[in-house]
Amino acid sequence: MYDLLHRPGEMRERTLSVTVPDDLGTEIIAVKAGSVLTAELRLESLHDGILVSADVRGTASGECVRCLIDVEQPVEVEIQELFAYSEDEAFDYAVQVDMIDLEPVIRDAVVLSLPFQPVCQEDCLGLCPECGVRLLDNPGHEHEAPVDPRWAALAGLEGLGGEGSSQKEDVAGTGTGATEEKR
Ligand SMILES: [Zn+2]
Ligand SMILES: [Zn+2]
């Protein structure tokens, strides 16, 4: 890239493959260390610096926050950043000792592009709160209707008083747990 420096109007295109040195992202989802990011770079020499445009692609892997299965998703971010010759504070990045360091720019852009709460699919139903099976794999999965808290109370009374049966039927008729009563 040295031939671009201080030569406004010059342009170069490069494709760069970078092996990610350490996880880029969060504990939930990240472009993992060892995976490859590809960057299609366009470097344009301007009067005050080098304008870098990049199309960065890779793959992030993580876990669905609802059902916990592994999730892989493509990462694609576009970056455009001016690396200025001057170290003026007006510019976020500067050309340093005739070099540009793309790493922090790519790192930030990739991390920001990752979903905060990755899901395997938008309508993931998560796990059954009772037995933990993944609901998407088990359509129609259900347990016997949970014991209505009012039932539980009556069951307790029953033991004490011994005349709970008539009350029981009243509750079953109004509640959603009626199916449980069929025998
Ligand atoms: Zn899921
Ligand atoms: Zn279950």
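Modeller: Fine. Start with E44: its bridge partner in β5 is L51. Keep in mind that this is a predicted model.

Biologist: Which strands does that pair belong to, and how do they run?

Modeller: β4 covers residues 36-45 and pairs with β5 in the antiparallel sense, over 8 bridges. A hairpin of 3 residues joins β4 to β5.

Biologist: How many residues sit between β5 and β6, and which one in the turn has a positive phi?

Modeller: There are 6 residues between them in that hairpin, and L68 in the turn has a positive phi of about 70°.

Biologist: Back to A30. What does it touch, leaving out residues up to four places away in sequence?

Modeller: D23, L24, G25, A60 and G62. A30 also belongs to the largest nonpolar core, which has 19 residues. A30, V31, V52, V56, A60, I106 and V110 touch the most other members.

Biologist: Which elements supply that core?

Modeller: β3, β5, β6 and α1, residues 103-113, each give at least two residues. β5 has the largest share, with 5 residues. As a general point, nonpolar side chains in soluble globular proteins tend to be buried together.

Biologist: How much of the whole protein is buried?

Modeller: Buried residues are 15% of the 183.

Biologist: Change of topic. What is the overall order of elements?

Modeller: There are 3 helices and 7 strands. From the N terminus the order is β-β-β-β-β-β-β-α-α-α.

Biologist: And what share of the contacts joins residues at least 24 apart?

Modeller: 53%, counting contacts between residues at least 6 apart in sequence.

Biologist: Where is confidence highest, and where is it lowest?

Modeller: The protein averages a pLDDT of 81, and 71% of the residues score at least 70. Strand β3, residues 29-31, is highest at 96, while helix α3, residues 165-174, is lowest with a mean of 47. Over residues 161-183 the pLDDT is below 50.

Biologist: How many contacts does that stretch have in the model?

Modeller: It has 20, beyond near neighbours in sequence.

Note on methods. Residues numbered from 1 in each chain as written. Chains lettered and ligands numbered in written order. Predicted model: local features only at pLDDT ≥ 70, side-chain atom pairs only at ≥ 80, totals over all residues. pLDDT = per-residue confidence, 0-100. Helix = DSSP H or I, 4+ residues; strand = E, 2+ residues; numbered from the N terminus. Contact = placed C-beta atoms within 7 Å. Pairing = 2+ DSSP bridges. Core = buried A, V, L, I, M, F, W, Y, C linked by C-beta atoms within 7 Å. Buried ≥ 20, exposed ≤ 12 C-beta atoms within 10 Å, placed from the backbone.
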